[in-house]
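The sequence and structure are shown first.

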Amino acid sequence: MTQPEKPPTPQPRTPARCAEAPRTGRQTGGQHRQVEGQQHYTISEAAELSGLSAHTLRWYERIGLMPHVDRSHTGQRRFSDRDLNWLDLVGKLRLTGMPVADMVRYADMVREGEQTFGERKALLEATRQDVLARIAELRDTLEVLDHKIDHYSRSTGDLPATRAVLASAASDASAGPRSPRSAADA
């Protein structure tokens, strides 16, 4: 008797472009491979491929974040490659910190058609500004952490880390003069 084949270990996903062509098969390790004859996925397969739970997928459908999900003749959800692409976009929107209500509004606008392009663009531009502000805050935080790590490295006799110097030089070159941080010296 032969041993059953073990399912593949999920690999970290690589970022995808939302404007990519529709998927043609399963995603594995950031690459999409064709599953012979399969263009629809059960909720458990969609959950595995998207990294979301089946409960979350049902909730997304219930609140209007997922477009109409096709059903089999027995009522079982059948997710398509297009649905999986949509879930990739929703995942990116979640990472931006966009509120669920805004994501649902965006989904509604997509369903309304081309006449909402301007509103969609405005929503995404506002979200982009929020992301840029968060990135700036994180860079500032990283500088403080690097400064403290270097301080403790020198205090313990370790070689000072060069990352703070490099990060600070790159920041100074792109952002101009900065005010001194008293919290970094504490």
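Helices here are DSSP runs (H or I, at least four residues), numbered from the N terminus. The model is predicted: local features need pLDDT of at least 70 and side-chain atom pairs count only at pLDDT 80 or more, while totals for chains, interfaces and linings use all residues. Residues are numbered from 1 along each chain as its sequence is written, and side-chain values use heavy atoms, with hydrogens and water left out.

H1 is largely enclosed by the rest of the structure, because 6 of its 8 residues are buried. Buried means under 20% relative accessible area, exposed over 50%, and partly exposed in between (1.4 Å probe, protein chains only). The buried residues of H1 are Ile-43, Glu-45, Ala-46, Ala-47, Leu-49 and Ser-50.

## Packing of H1 against H2

The axes of H1 (residues 43-50) and H2 (residues 54-63) cross at roughly 100° and come within 9 Å. H1 is therefore roughly perpendicular to H2. Axes are lines fitted to C-alpha atoms, for helices over the stretch in contact, and angles run from 0 to 180 degrees between N-to-C directions; 65 to 115 degrees counts as roughly perpendicular.

On the H1 side, Ile-43, Ala-46, Ala-47 and Ser-50 meet Ala-54, Leu-57 and Arg-58 in H2, where contact means heavy atoms within 4.5 Å.

## Aromatic pairs

How many aromatic pairs does the count give? It comes to 2, with rings of Phe, Tyr and Trp (its six-membered ring) pairing if their centres lie within 6.5 Å; planes under 30 degrees apart count as stacked, over 60 as edge-to-face and the rest as tilted. The ring centres of Trp-59 and Tyr-60 are 5.8 Å apart and the planes lie at 45°, so this pair is tilted. Trp-59 is partly exposed at 32% relative accessibility, whereas Tyr-60 is buried at 3%.

Trp-86 and Tyr-106 form a stacked pair, 6.2 Å centre to centre with 10° between the planes. This pair links distant parts of the chain, 20 residues apart: Trp-86 lies in H3 (residues 81-96) and Tyr-106 in H4 (residues 100-112). Both Trp-86 and Tyr-106 are buried.

## The largest nonpolar core

Leu-57 and Phe-79 touch the most other members of the largest nonpolar core, which has 25 residues. Such a core is a set of buried Ala, Val, Leu, Ile, Met, Phe, Trp, Tyr and Cys residues joined through side-chain atoms within 4.5 Å. H1, H2, H3 and H4 are the elements that give two or more residues to this core, and H3 supplies the largest share, 6 residues.

Conventions: Parallel < 35°, antiparallel > 145°, perpendicular 65-115°, else oblique.
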